[in-house]
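Got a minute to go through how some helices pack? Have a look at the model first.

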Amino acid sequence: MSPARTLQICLLFGSSSLLSFGGGNAVIPQIQLRAVHTYGWITAEQFSQAFAIAQAAPGPSTLLVSAIGYQAGGIPGALLATAAMILPAWVLVYFAARFWLGAKRSRWRIAIEEGLAPIAIGLILASAIVIARSTDHGPMQYVLTVIATLVFCAVKLNPLWVMGACGLTGWALAM
């Protein structure tokens with residue numbers, strides 16, 4: 001892996017790590033934009049497939065970065081991307097937690113909590129739109145996406161059931 005590629009992986013996933021308010025899914029648009037369009041490490045279709053595998057697999061959803069890092073630089077790229085995604089956020093959370101515990105009655109704490117919640121929701125919504133645009137190519141896929149979103153919003157149901165139902169529906173419609 002070239003030094004330039006190493007730097008690109010560190011910068012992309014390290015900066016994404018520090019901006020992942022609301023979880024790793026909040027920075028999906030940033031990662032998709034850079035990995036697919038800026039660096040060309042992976043296609044939009046491969047990105048959406050890697051996202052689906054990372055979501056269905058046990059463990060943290062940020063496993064997506066391992067798959068992208070692998071495409072960018074093989075096993076060293078996967079390890080570097082994973083470390084770059086985890087370590088900066090871990091350090092930030094460590095120091096933020098120390099501040100948080102010391103500022104229980106601070107007005108700043110309340111302001112930060114109230115300010116970050118809508119930001120996290122907006123980032124996650126942007127991620128959903130990016131993934132939908134990468135995977136949905138026809139009216140039936142858009143309809144399935146809308147139905148799945150409504151089910152997720154209305155019912156507490158294991159996502160695997162919804163994913164399975166949508167997969168079977170898509171398979172049946174493709175035959």
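This is a predicted model: local features need pLDDT of at least 70, side-chain atom pairs count only at pLDDT 80 or more; totals for chains, interfaces and linings use all residues.

Residues are numbered from 1 along each chain as its sequence is written, and side-chain values use heavy atoms, with hydrogens and water left out.

Q: Why is helix 6 called roughly antiparallel to helix 7?
A: The axes of helix 6 (residues 139–154) and helix 7 (residues 159–174) cross at roughly 160 degrees and come within 11 Å. Angles under 35 degrees count as roughly parallel, over 145 as roughly antiparallel, 65 to 115 as roughly perpendicular and the rest as oblique. Helix 6 and helix 7 are therefore roughly antiparallel.

Q: Which residues make helix 6 meet helix 7?
A: With contact meaning heavy atoms within 4.5 Å, Met140, Leu144, Ala148, Val151 and Phe152 of helix 6 meet Pro159, Val162, Cys166, Thr169, Gly170 and Leu173 of helix 7. By class that's nine nonpolar, two polar and no charged residues; Gly counts as polar here, and Cys and Pro as nonpolar.

Q: What makes helix 2 oblique to helix 3?
A: They pack at about 140 degrees, with axes 10 Å apart. That angle makes helix 2 oblique to helix 3. Ile28, Ile31, Gln32 and Val36 of helix 2 make the contact with Ala44, Phe47 and Phe51 of helix 3.

Q: And why is helix 2 roughly antiparallel to helix 4?
A: Here the angle is about 150 degrees and the axes are 15 Å apart. That makes helix 2 roughly antiparallel to helix 4.

Q: What is in the largest nonpolar core?
A: A nonpolar core is a set of buried Ala, Val, Leu, Ile, Met, Phe, Trp, Tyr and Cys residues joined through side-chain atoms within 4.5 Å, buried being under 20% relative accessible area with a 1.4 Å probe, protein chains only. The largest one has 22 residues, and Phe13, Ile31, Trp41, Phe47, Leu64 and Ile68 have the most contacts inside it. Helix 1 (3–18), helix 2 (28–38), helix 3 (44–56) and helix 4 (64–102) each give two or more residues, and helix 4 gives the most, with seven.

How values were computed: Axes are lines fitted to C-alpha atoms, for helices over the stretch in contact, and angles run from 0 to 180 degrees between N-to-C directions. Helices (H or I, at least four residues) and strands (E, at least two) are DSSP runs, numbered from the N terminus. Buried means under 20% relative accessible area, exposed over 50%, partly exposed in between (1.4 Å probe, protein chains only).
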